[in-house]
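User: I would like to go through this model with a few questions on its sheets, domains and helix contacts. Please keep the answers brief.

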Protein chains: 2
Amino acid sequence: MDGTHGWPDNVDQARMLRILRDEGERSRAQLGDATGLTGARATIEIDRLTARGLIEHGGPAVSRGGRRSSMVRISSGTRFLSIALGAHSMEVVVTDGELRPLARAAESTDLRRGPALVLGRALELAAKLLLDAGGDRFSGAGIGIPGPVDFRDGAPVAPPFLPGWHRFGVRELLATELCCPVLVDNDVNLLALGEKHAGVGKPFDTFLFVKIGAGIGAGLIVDGEVYRGADGSAGDIGHTAVSIGQDDGPDCVCGNTGCLEAYFGGAALSRDALAAVRAGRSAALAARLARSGTLTAHDVADAATHGDPVSVALVRDGGHRVGQVLATMVSFFNPGLIVIGGGLAGIGHSLLAEIRSVVYRASLPLASRALPIVLSELGTEATHLGAARMVSDHLLEVPGARSARR
Amino acid sequence: MDGTHGWPDNVDQARMLRILRDEGERSRAQLGDATGLTGARATIEIDRLTARGLIEHGGPAVSRGGRRSSMVRISSGTRFLSIALGAHSMEVVVTDGELRPLARAAESTDLRRGPALVLGRALELAAKLLLDAGGDRFSGAGIGIPGPVDFRDGAPVAPPFLPGWHRFGVRELLATELCCPVLVDNDVNLLALGEKHAGVGKPFDTFLFVKIGAGIGAGLIVDGEVYRGADGSAGDIGHTAVSIGQDDGPDCVCGNTGCLEAYFGGAALSRDALAAVRAGRSAALAARLARSGTLTAHDVADAATHGDPVSVALVRDGGHRVGQVLATMVSFFNPGLIVIGGGLAGIGHSLLAEIRSVVYRASLPLASRALPIVLSELGTEATHLGAARMVSDHLLEVPGARSARR
């Protein structure tokens, strides 16, 4: 690592590293061809990357007649760290330079214990996993946090129910301890980027990832990258009013009433399920409550798939409201794809069918006539792919290259 | 013009041309400094641009001690064409290479006469204005059309009330007649780009332009450029449902009910004003109706500024609904600025106050705590600036330069 955050010296080196990261080992000749450089120039850049330890050489490449070439790949000692924090769990993953997971650990936690304790434990796990993965240092780390994040500062901003995390310098603490570049983002942006890297979003330049879990949020991919907006808060759809024109609507954690999250999402489903049991409207939910003492969104999802009419109606109503909000976003943002993920995406096709039906009916035909709306296939793994990809993209940025086209 | 659409051969030439376009005449030395090139390399590129007739030399520059330099500028013969179509009017403007208007003509028209007649007349005006502006050919043309446009095809898509324009090859016709590159976009995108070029949006990379006129629409600027989305239809907010959760709401031209445009915008205001007169609720509006035989949105705006309570209430209600939709967009898109323009923006500060109050209350604090919401100062002139800038940006694109950073 030189003084700047960037790994490569120039855009040609950055393109080579991206190709090796995303497509794996290549011959020197292939790598030169892929970047459109002359053979001499490609040799110079490959030798520079080798000298700096960013790539390494494998065996001889298959001959293409005349030219002799050897294989090159991202240095096998490269390690990225991903930390995914949830309200009640954390998962830590160590990847190689091609962003493949090498070691992982998951455990339950409680973010209300505060950032120092939670991050301290994450660092312990990271140190252990780094050893397990045969590494000696991290090249970079990405961390996903539920709730709004000031991306530039690397700090959460007013996360619901987590006052101790407000403006806490997560990036600063981790960068100091890990001695490497660290980026902090909200978990939905990382899920979106993970889907771009290796999921259903891979071929799309512009798409929308929607997480439906305890909360509801969106990640926007524009031009292949996470779009964060002016303050890094883009993608907040959970607090869209879905009772506009009405005076009432359930109270929301944000202080307003009638927000999407106040109607749907984990807490809202629990609340509505309990109300149904108390009103004597669902024997299926009552039986589950008697068994476990609580009713979660997963109980509703499960009861819905087993045909409980009250649960089916809750899922349909929630899907309908999500669909109404997404219809608005489709007309406004015109994404090429919508990916639905998060814990409640497990409800599956009944939820998806309701969302699709509303979006296709209520959004601008030009924006939705060829719009796929699909479930995530990567699930939570997308968070780690997104975290590693985020910090890797950051390392591959060449200062000034972005503004050169203006 | 060479075989590609691009003017410059490389990104350095493109940067020089942008500087000269946006900042005017510069000395050779200043231009070299601004692009960060060595003196020898700058000289080569400047000489190439001169040889191709894209720039020309003025008098000697003020000495900076030692170095002698002459002034260079965009070739004074450069002419861009802008055509702004409205439902009932067209305006044609010819600009120079610095996008300054040199000649203009405006007349009333009726788009329902069909594209062949309307565009034929626009071409007549363009030919006359080109002579008036001392030009012999256009380097490029931009045209703004009210309603959805397929940007890639350069054709309107299902514009309301204008069946003859659906999928009509506007770009193809104009490019054939003008023998130059032509880009077609919806008028709101051009207004947004005009505000970026020379209006209140100039210092902002990411902002939202909202047009409130006969219809309501938005133009999104991302990373300094118009964001069009996957199908070129981004920015449609007029058909956002603002009666979600209610079964009724006024019918909209789009076929749904309860859209923002069905509540506010030119047609809705006329409708509501007439209803108020028929119900005997507004003497001020009744007097206006008796005078002119119709009631337009401008009558309502004018009566509101003169204190008619019914008109004031209509403007407030409209501003409230616009504010509700914008609050959602602010949380989702997190723009750095919102510019309000279009015919009804003339209602001015009572409308703006209502919009601000709702947006600041109902959107995510992180996204709106430092968000300016202002009226356009450029007015309709932004369309022409946007049209000329759009085609000029297109000419300054260097093939491959955009993807080089990936």
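User: In E14 of chain A, which residue is the bridge partner of A:Val210?

Analyst: This is a predicted model. Strand E11 (residues 207-212) of chain A is joined by 4 bridges to strand E14 (residues 338-341) of chain A, and the two run parallel. Within E14(A), the bridge partner of A:Val210 is A:Ile340.

User: In what order do the 5 strands of the open sheet in chain A lie, and which are the edge strands?

Analyst: The pairing in this open sheet of chain A is mixed, and the order is E13-E12-E11-E14-E15. From one strand to the next the twist averages 30°. An edge strand pairs on one side only, and in chain A that applies to strand E13 (225-227) and strand E15 (373-375).

User: How confident is the predictor in chain A, as an average pLDDT?

Analyst: The model as a whole scores ipTM 0.88 and pTM 0.89. In chain A, 93% of the residues reach a pLDDT of at least 70. Residues 1-5 of chain A fall below 50, and this stretch has 4 contacts in the model beyond near neighbours in sequence. The average pLDDT of chain A is 89.

User: How far apart are the centres of domain 2 and domain 3 of chain A?

Analyst: The domain assignment of chain A lists domain 1 (11-76), domain 2 (80-197 + 387-395) and domain 3 (202-377). Taken over C-alpha atoms, the centres of domain 2 and domain 3 of chain A are separated by 26 Å.

User: Which element gives the most to the side of domain 2 of chain A that touches domain 3 of chain A?

Analyst: Domain 2 of chain A brings 15 residues to the contact and domain 3 of chain A brings 20 residues. On the domain 2 side, strand E8 (149-150) and helix H6 (187-198) of chain A each supply at least two residues. That side divides into 10 nonpolar, 1 polar and 4 charged residues. The most, 7 residues, comes from H6(A).

User: Are H1(B) and H3(B) roughly parallel or roughly perpendicular?

Analyst: The axes of helix H1 (residues 11-23) and helix H3 (residues 39-51) of chain B come within 10 Å and cross at roughly 70°. Angles of 65 to 115 degrees count as roughly perpendicular. Therefore H1(B) and H3(B) are roughly perpendicular.

User: Which residues make the contact of H1(B) with H3(B)?

Analyst: By class, this contact of H1(B) with H3(B) has 2 nonpolar, 1 polar and 3 charged residues. From H1(B) come B:Asp12, B:Gln13 and B:Met16, and from H3(B) come B:Glu45, B:Arg48 and B:Leu49.

Terms used: Residues are numbered from 1 along each chain as its sequence is written. Chains are lettered from A and ligands numbered from 1 in the order in which they are written. This is a predicted model: local features need pLDDT of at least 70, side-chain atom pairs count only at pLDDT 80 or more; totals for chains, interfaces and linings use all residues. Two strands pair if DSSP finds at least two bridges between them. Axes are lines fitted to C-alpha atoms, for helices over the stretch in contact, and angles run from 0 to 180 degrees between N-to-C directions. pLDDT is the predictor's confidence in each residue, from 0 to 100. Two residues are in contact if their C-beta atoms, placed from the backbone, lie within 7 Å. Domain bounds come from an automatic or database domain assignment. Ala, Val, Leu, Ile, Met, Phe, Trp, Tyr, Cys and Pro count as nonpolar, Asp, Glu, Lys and Arg as charged, and the others, Gly among them, as polar. Angles under 35 degrees count as roughly parallel, over 145 as roughly antiparallel, 65 to 115 as roughly perpendicular and the rest as oblique.
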